[in-house]
Amino acid sequence: MAMADMLPIVCRYSPKDQADIGRYARLHGSSAAATYLSRKFGNKVSVNTVHSIKNVYEEEAKTKLEADSDDEVKVIPFKKRGQPLLLGEELDTKVQLYLKKVREGGGIVTARIAMGAARGILRSCDHFRLAEFGGPVELNPHWAYQLLDRMH
């Protein structure tokens, strides 16, 4: 038996497919859904995969119910992967927008300039998060290079 025959097929389902899988599994059960979906997609779909997608679907349905929305779950968005942003989503966006404006104005943006911009924005918004004021955020060149890479 060849090595390729023994490896499982890794399949990433689209957000819409995940919602359909979750809906079907909620109505018919995980094992029945796995059998049905294995035939539909043409490759073996694990019961564990179906069950975990069903759990995420039920969480999404619960949040929609709590928000008094009559809509059913049409898509299950992908989870954010990787480490959370050091500055948080809002401040990181502010720093990126500032640096983009500097670039558009003809300025050169380096890691030092990115660090200075982030320090200035943090001081004006929430200076207690900076390490120099006893907070957890310490800006360094490595962080600045990652920020600049995310901007491209």
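Trainee: Is A117 buried or exposed, and why?
Mentor: A117 counts as buried because its relative accessibility is 10%. Buried means under 20% relative accessible area, exposed means over 50%, and partly exposed is in between (1.4 Å probe, protein chains only). Before we go on: this is a predicted model, where local features need pLDDT of at least 70 and side-chain atom pairs count only at pLDDT 80 or more, while totals for chains, interfaces and linings use all residues. Residues are numbered from 1 along each chain as its sequence is written, and side-chain values use heavy atoms, with hydrogens and water left out.

Trainee: Okay! Where does A117 sit, and what does it touch?
Mentor: A117 is in helix α6, residues 111-126. Not counting residues up to four places away in sequence, A117 touches Y98 and L99. A contact here means heavy atoms within 4.5 Å.

Trainee: And how are helices picked out?
Mentor: They're DSSP runs (H or I, at least four residues), strands are E runs of at least two, and both are numbered from the N terminus.

Trainee: How many helices and strands are there?
Mentor: Seven helices and zero strands. From the N terminus on, the order reads α-α-α-α-α-α-α.

Trainee: What's the radius of gyration of the chain?
Mentor: The chain has 23 Å, whereas a compact globule of 152 residues would be near 15 Å. That radius is taken over C-alpha atoms, and the globule rule is 2.2 Å times the number of residues to the power 0.38. The C-alpha atoms fill a box of roughly 55 × 50 × 35 Å along the principal axes.

Trainee: How far is A117 from S30?
Mentor: Their C-alpha atoms are separated by 51 Å, and the two residues are 87 apart along the chain. H127 and L37 are 90 residues apart along the chain, with 52 Å between their C-alpha atoms.

Trainee: What else can you tell me about H127?
Mentor: H127 lies in the loop between α6 and α7 (141-151). H127 counts as partly exposed because its relative accessibility is 27%. Leaving aside neighbours within four places in sequence, H127 is in contact with L122 and F133.

Trainee: New topic: how much space is in the largest pocket?
Mentor: About 340 Å³. Of the 14 residues lining that pocket, Q18, V56, P77, F78 and K79 are the closest to its centre. On a 1 Å grid over the protein atoms alone, a pocket is an open set of points where a 1.4 Å probe fits, with protein on both sides within 12 Å along at least five of seven lines, and lining residues have an atom within 4 Å of a point. Points are joined across faces, edges and corners, and the volume is the space filled by probe spheres set on them.

Trainee: Which helix gives the most to the lining?
Mentor: Helix α4, residues 47-66, with six residues. V56 lies in that helix, α4.

Trainee: How far is V56 from Q18?
Mentor: They're 9.1 Å apart, C-alpha to C-alpha, though 38 residues apart in sequence. V56 counts as partly exposed, since its relative accessibility is 25%.

Trainee: And where is T93?
Mentor: T93 is in helix α5, residues 89-104. T93 and M151 are 9.9 Å apart, C-alpha to C-alpha, and 58 residues apart in sequence.
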